Amino acid sequence: MRVVSVVGARPQFIKLAPIHRVLVARGHEHIIFHTGQHYDQAMSQVFFDEFDLPTPDLNLNVGSLDREAQIDAISKGLELPFTDIESDWILVYGDTNSTLGAALAAERTDLPLAHLEAGVRSFNHKMPEELNRVLTDQMSDLLLAPTKIAFKNLQNEGLATNAHLVGDVMTDLCLMSKQRVLTKKPSMPENWRNTDSDSYIVATVHRESNTDDGSKLREIIDYLARSSVDVRLIVHPRLRDRAKKFEIKLDSGSLKIFEPMTYLQLIYALHHSKGLVTDSGGLQKEAFLLGVPCVTLRNETEWPETVELGWNELDPNCNLDLEKYFSKIFEPTDACPFGVGNAAKLAVDAMEIRS
Ligand code: UD1
């Protein structure tokens, strides 16, 4: 098969890694197009280096634009490259503007489209990510669902015929990376202090709904700064930008700030933490897989399994006492709602069967 993967934002480089390995191991041709949605070294190139991914065959360098302009630049920019390549699959990942832009280009050029992480829903139509997912699923010829719940969502939307339950490729990478950091500590950022394993919380905030309203962002930062446990805040560029705009100091009180990390650094940081406070989708699952409890600063989650199994609590209004919450006993579980680490293999199986 010839598969064209379109990626553009940090979580997609992570999902790309296990897929690339399986495609190459099975002798398929894998072409990588980068939209350039994320362009900082620490948001993009570090992952290509860390996972030994080849340099993308094309980079659209769209950069920072507002949502509509970004999607438009990606979809128009990909049309010609898509037409020039006879591919068995255009493979898109997750829920970003790059996902939808590439899906629109595949639709216009009439190329078979596969969506990895299909059927994931927050049911919050105000989220750009939710619109990106729903629209991409509607256009896809192959829907690769990461969980039973995602598969059920596709059934409910009448999309089951083209859907396969394959598991979550982030599980593949997370489990592999856990083994790696257990055997060899990654080189951590200079300002990372070695402390006892239970003495800090990891935090990330980057969603539009939490960062783009100054008073909401201030509420979150104050909440983290008030914590009686150290909070290590890994600062996404959107957070840095909005904090500057609203004149919110990020390194106050209990907060210590860190630049975006590599994947292995992040897994190491999370694995040794007392808990996670986040609005990221991927991190909620990674925390679960590492046995780290999570507080999600949102009204809803795409990963309700983490809540149902008792390892994640939604706290949109910053009400929880973090120290108390993370000191609870969390019931260990051997449930594997995100698969067992073979999702990339199953996803490639499905592409082979359907091509
Ligand atoms: C995007 C995805 C989100 C995903 C997240 C992971 C959409 C709608 N959202 O959100 O689903 O969880 O990526 O990070 O696609 N910026 C930089 N350097 C970079 C990249 C971005 O400074 O390398 C700045 C941009 O100027 C922009 C901000 O960060 O102001 C946000 O970037 P954007 O691509 O709009 O979305 P994310 O918030 O990263």
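Predicted model: local features only at pLDDT ≥ 70, side-chain atom pairs only at ≥ 80, totals over all residues.
**Entry 1: the cavity**

I began with the largest cavity, and I found it lined by Lys15, Leu116, Glu117, Leu144, Ala145, Pro146, Gly167, Asp168 and Val169. My working terms come from a 1 Å grid over the protein atoms alone: a cavity is a set of points where a 1.4 Å probe fits but cannot get out, and lining residues have an atom within 4 Å of a point.

The largest cavity holds about 40 Å³ of space, a volume being the space filled by probe spheres set on grid points that are joined across faces, edges and corners. I counted one cavity of 30 Å³ or more. I sorted the lining of the largest cavity into five nonpolar, one polar and three charged residues. For this I took Ala, Val, Leu, Ile, Met, Phe, Trp, Tyr, Cys and Pro as nonpolar, Asp, Glu, Lys and Arg as charged, and the others, Gly among them, as polar.

**Entry 2: the ligand**

Next, I asked which residues are the closest to the ligand. They are His38, Asp40, Ser64, Asn97 and Arg238, out of 18 residues that surround the ligand, each with a heavy atom within 4 Å of it. The shell around the ligand has five nonpolar, eight polar and five charged residues. Helix H10 (237-245) gives the most to this shell, with three residues; helices here are DSSP runs of H or I with at least four residues, strands are runs of E with at least two, and both are numbered from the N terminus.

I then looked at polar contacts, which are pairs of N or O atoms within 3.5 Å; within protein, one must be able to donate a hydrogen and the other to accept it, and residues adjacent in sequence count only if both atoms are side-chain atoms. Oxygen atoms of the ligand lie 3.0 Å from a polar side-chain atom of His206, 2.9 Å from one of His236 and 2.7 Å from a side-chain N or O atom of Arg238. The protein covers 87% of the 750 Å² of accessible area that the ligand has on its own, by the Shrake-Rupley method with a 1.4 Å probe; for residues, only the protein chains shown count as cover.

**Entry 3: the sheet**

I traced an open sheet of seven strands in the order S3-S2-S1-S4-S5-S6-S7, with parallel pairing. Two strands pair if DSSP finds at least two bridges between them. Strand S3 (58-59) and strand S7 (163-165) are the edges, each pairing on one side only. Six bridges join S1 (residues 2-7) to S2 (residues 29-34), and Val4 has Ile31 as its bridge partner in S2.

Technical notes
Residues numbered from 1 in each chain as written. Heavy atoms only, no water. 1 Å grid on protein atoms, 1.4 Å probe; cavity = no way out; pocket = protein on both sides within 12 Å on 5 of 7 lines; lining within 4 Å.
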